[in-house]
Amino acid sequence: MTECLSETELLVMRRNGNEELVENIIPHETDYDSVELGDVVEIEEQPSCEDRAFDIHSRTGFSSGNIAAVVEDIFDETAIVRTNNGLSTVTRVPSHVSPGETIAVTAGWTYHGRLSDSPPDIDDLLPESETSDDYEWRYDDDISVTLEDIGGLDHIKQTIKEQILQPLDTENEELRETLGVTLSQGLLFHGPAGTGKTRTAKAVTNHVDGDLFIVDGPELVSKYYGETERQIRDVFQEAERAAETSGNPSIIFFDELDSMAPSRGQADETERRIVAQLLSELDGFDERGNIIVIGATNLIDEIDQAILRPGRFDTQLEFSKPEPEAREAILRISLKNTPTATDVNLTAVAEQTSDFTGADLATVVEQAKYLALQDGKESVRMEHLRISVARRKEVQE
Ligand code: ADP
């Protein structure tokens with residue numbers, strides 16, 4: 001993989017992937033001018049500062065390690081392609097290749113060959129996805145967390161009780177029908193990382209005694225590139241099936257929703273298709289019934305507005321970093337099953353931890369427990385919490 005920088009320099013990518021500037025090179029049996037980007041060269045290793053001879057080894061890059069890429073656009077001999085890792089460019093693409101085709105690309109980002117006339121038809125190519133108990137997105141761990149185990153966020157807990165738990169309560173069924181109350185099925189949790197969005201989704205699942213499906217947005221988009229729409233369809237189907245079996249609603253939690261549904265301006269073709277699939281599932285709510293969809297993001301402004309409209313993710317709840325009182329509550333919750341010494345003053349710890357998220361506070365408590373263990377103490381002391389807070393602050397800086 002080369003780039004000719006001057007008459008005596010080559011920029012190469014070594015087999016191990018490292019880039020290196022090779023200086024003082026002299027062409028061996030090759031004419032220097034004929035070296036092109038993408039060539040594989042053999043370099044005679046010499047002690048540094050001496051001339052190093054090189055030869056062109058092959059014109060097509062490594063044949064091992066080829067990757068598949070879908071051509072998005074092509075000009076001159078360069079193609080813009082999409083791979084599992086996003087967009088890239090490929091050189092030395094012959095003129096007969098056109099957008100939409102899938103090509104094999106060498107490790108040096110040169111064209112290697114054509115794989116197919118069109119992007120793979122995922123539904124045909126891939127085996128049916130798992131629908132058994134080990135279904136990919138199903139959250140299998142026992143969930144014990146309840147809304148009472150969430151510190152602060154009172155307005156969120158209240159909304160969830162009013163709009164989800166109470167309407168779902170079978171005791172309220174008759175009244176609900178009389179009043180014509182519709183269930184809130186699409187919620188958007190937004191706010192910084194570590195503020196309790198996932199924990200709240202788990203608590204909702206626990207309260208309704210349903211099944212939880214956690215779809216990791218970035219993973220869905222990268223790991224299932226080209227297959228994302230089908231994954232979305234599958235997760236809704238699987239959630240529906242689980243709800244039928246259990247008789248309770250299923251929760252689908254789309255974490256980092258912004259990565260799946262960026263606002264239209266930023267979205268590429270694939271992301272538009274994902275949004276379209278998501279919209280069609282969300283709009284099919286009436287028929288589906290027993291599914292509660294929760295999207296989570298810390299980039300609400302970057303989400304496609306279409307999916308925030310009424311009937312979709314229309315209940316938007318803001319998660320913020322906890323105020324002192326909430327911090328104290330989170331510390332207390334995190335220490336729920338841990339003995340604490342009499343000197344522990346959680347109000348004081350809460351005061352010293354401004355700008356901490358719930359996740360930071362949970363980590364502080366975990367660390368304090370380790371410190372107590374190291375000290376051979378049977379309870380967490382104020383000292384342990386203080387050290388742990390100081391360490392967390394260091395990490396944050
Ligand atoms: P997010 O989904 O917003 O990134 P999480 O729900 O995954 O955050 O929070 C990570 C951890 O932080 C939780 O498992 C919990 O231990 C702790 N935590 C965060 N917020 C709270 C909260 N409000 N109350 C109690 N614990 C919290």
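Figure 1. Lys157 is buried, with a relative accessible area of 14%. This value, like the others here, comes from a predicted model. Lys157 counts as buried because its relative area is under 20%. Asp154 counts as exposed, at 55% relative accessibility. A salt bridge joins Lys157 to Asp154. Their closest N and O atoms are 3.8 Å apart. Both residues sit in helix α2. They are 3 residues apart, or about one turn of the helix.

**Figure 2. The salt bridge between Lys321 and Asp355.** The closest N and O atoms of Lys321 and Asp355 lie 3.4 Å apart. This pair links distant parts of the chain, 34 residues apart. Lys321 is in the loop between β16 (315-318) and α10 (324-334). Asp355 is in the loop between α11 (346-351) and α12 (358-374). Lys321 is partly exposed, with a relative accessible area of 32%. Asp355 counts as exposed, at 54%.

**Figure 3. Asp211, Arg138 and a salt-bridge network.** Asp211 forms a salt bridge with Arg138. The gap between their closest N and O atoms is 3.1 Å. The two residues are 73 apart and link distant parts of the chain. Asp211 belongs to the loop between α4 (197-208) and β13 (212-216). Arg138 belongs to the loop between α1 (122-125) and α2 (154-168). Is Arg138 buried or exposed? Arg138 is buried, with a relative accessible area of 16%. Asp211 is partly exposed, at 21% relative accessibility. Salt bridges with shared partners join Arg138, Asp211, Glu238 and Arg241 into one network. The count of salt bridges comes to 11.

**Figure 4. The aromatic pair of Phe189 and Phe319.** The count of aromatic pairs comes to 2. Phe189 and Phe319 form a tilted pair. Their ring centres are 4.8 Å apart, with 45 degrees between the planes. Phe189 and Phe319 link distant parts of the chain, 130 residues apart. Phe189 is in strand β12 (residues 186-190). Phe319 is in the loop between β16 and α10. Phe189 is buried, and Phe319 is buried too.

**Figure 5. His190 and the residues it touches.** His190 is in strand β12. His190 counts as buried, at 13% relative accessibility. Which residues does His190 touch, not counting those up to four places away in sequence? They are Lys197, Thr297, Ile300, Gln316, Leu317, Glu318 and Phe319.

Figure 6. A backbone N or O atom of Gly151 is 2.9 Å from a nitrogen atom of the ligand. For Gly194, a backbone N or O atom is 2.8 Å from a ligand oxygen atom. Thr198 uses its side chain: a polar atom there lies 2.5 Å from an oxygen atom of the ligand. How much of the ligand's area does the protein bury? Taken alone, the ligand exposes 560 Å², and the protein buries 79% of that.

**Figure 7. Two residues with positive phi.** Most residues other than glycine have a negative phi. Arg92 is not a glycine, yet its phi is positive, at about 60 degrees. Arg92 is found in the loop between β9 (86-90) and β10 (102-105). Its relative accessible area is 21%, so Arg92 is partly exposed. Leu153 is not a glycine either, and its phi is positive, at about 55 degrees. Leu153 lies in the loop between α1 and α2. With a relative accessible area of 13%, Leu153 is buried.

**Figure 8. The whole chain, for context.** The chain has 13 helices and 16 strands. Of its 397 residues, 45% are buried. Take the contacts between residues at least 6 apart in sequence: 64% of them join residues at least 24 apart. The accessible surface of the chain is about 20,800 Å². Carbon and sulfur atoms hold 45% of that surface.

Definitions and conventions:
Residues are numbered from 1 along each chain as its sequence is written. This is a predicted model: local features need pLDDT of at least 70, side-chain atom pairs count only at pLDDT 80 or more; totals for chains, interfaces and linings use all residues. Side-chain values use heavy atoms; hydrogens and water are left out. A salt bridge is a side-chain nitrogen of Lys or Arg within 4 Å of a carboxyl oxygen of Asp or Glu. Helices (H or I, at least four residues) and strands (E, at least two) are DSSP runs, numbered from the N terminus. Buried means under 20% relative accessible area, exposed over 50%, partly exposed in between (1.4 Å probe, protein chains only). Rings of Phe, Tyr and Trp (its six-membered ring) pair if their centres lie within 6.5 Å; planes under 30 degrees apart count as stacked, over 60 as edge-to-face and the rest as tilted. A polar contact is a pair of N or O atoms within 3.5 Å; within protein, one must be able to donate a hydrogen and the other to accept it, and residues adjacent in sequence count only if both atoms are side-chain atoms. Accessible areas come from the Shrake-Rupley method with a 1.4 Å probe; for residues, only the protein chains shown count as cover. Contact means heavy atoms within 4.5 Å.
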